[in-house]
Amino acid sequence: MTKKGLDLGGMIDTAATPKETGIPQRGARPHKVKAERRSDQMSVRMKPSTRALIESLADAEGVPIAEIVERAIAAYAKNA
């Protein structure tokens, strides 16, 4: 007894969109863009009064010292 071939051409609808199953499929969502991290360090010589001012601003804002310096550089670049 020989087996007959089965034609699956009528079962596949290439124009159909995938059905939503509620289960995320691999590659279905774009990867989340990672936020830039502070990983570099820089040593800067400054007056003690400038350092004290930066530290007091950071304490008052409740942010790291790097955030105060980054804001100052961004403001300087914007006005330059």
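The lining of the largest pocket draws its largest share, seven residues, from α2, where helices are DSSP runs (H or I, at least four residues) numbered from the N terminus. A pocket is here an open set of points on a 1 Å grid over the protein atoms alone, with protein on both sides within 12 Å along at least five of seven lines, and lining residues have an atom within 4 Å of a point. The model is predicted, with local features needing pLDDT of at least 70 and side-chain atom pairs pLDDT 80 or more, whereas totals for chains, interfaces and linings use all residues. Residues are numbered from 1 along each chain as its sequence is written, and side-chain values use heavy atoms, without hydrogens and water.

The lining comprises 21 residues, with Met 42, Val 44, Ile 65, Ala 66 and Val 69 nearest the centre of the pocket; the elements giving two or more residues to this lining are α1 (48-61) and α2 (65-79).

The axes of α1 and α2, lines fitted to C-alpha atoms over the stretch in contact, with angles run from 0 to 180 degrees between N-to-C directions, lie 8 Å apart at an angle of about 105°. The two helices are therefore roughly perpendicular, a term that covers angles of 65 to 115 degrees. In their contact (heavy atoms within 4.5 Å), Ile 54, Glu 55, Leu 57, Ala 58 and Glu 61 of α1 meet Ile 65, Ile 68, Val 69 and Arg 71 of α2. Just after α1, Gly 62 adopts a positive phi of about 75°.

Note on methods. 1 Å grid on protein atoms, 1.4 Å probe; cavity = no way out; pocket = protein on both sides within 12 Å on 5 of 7 lines; lining within 4 Å. Parallel < 35°, antiparallel > 145°, perpendicular 65-115°, else oblique.
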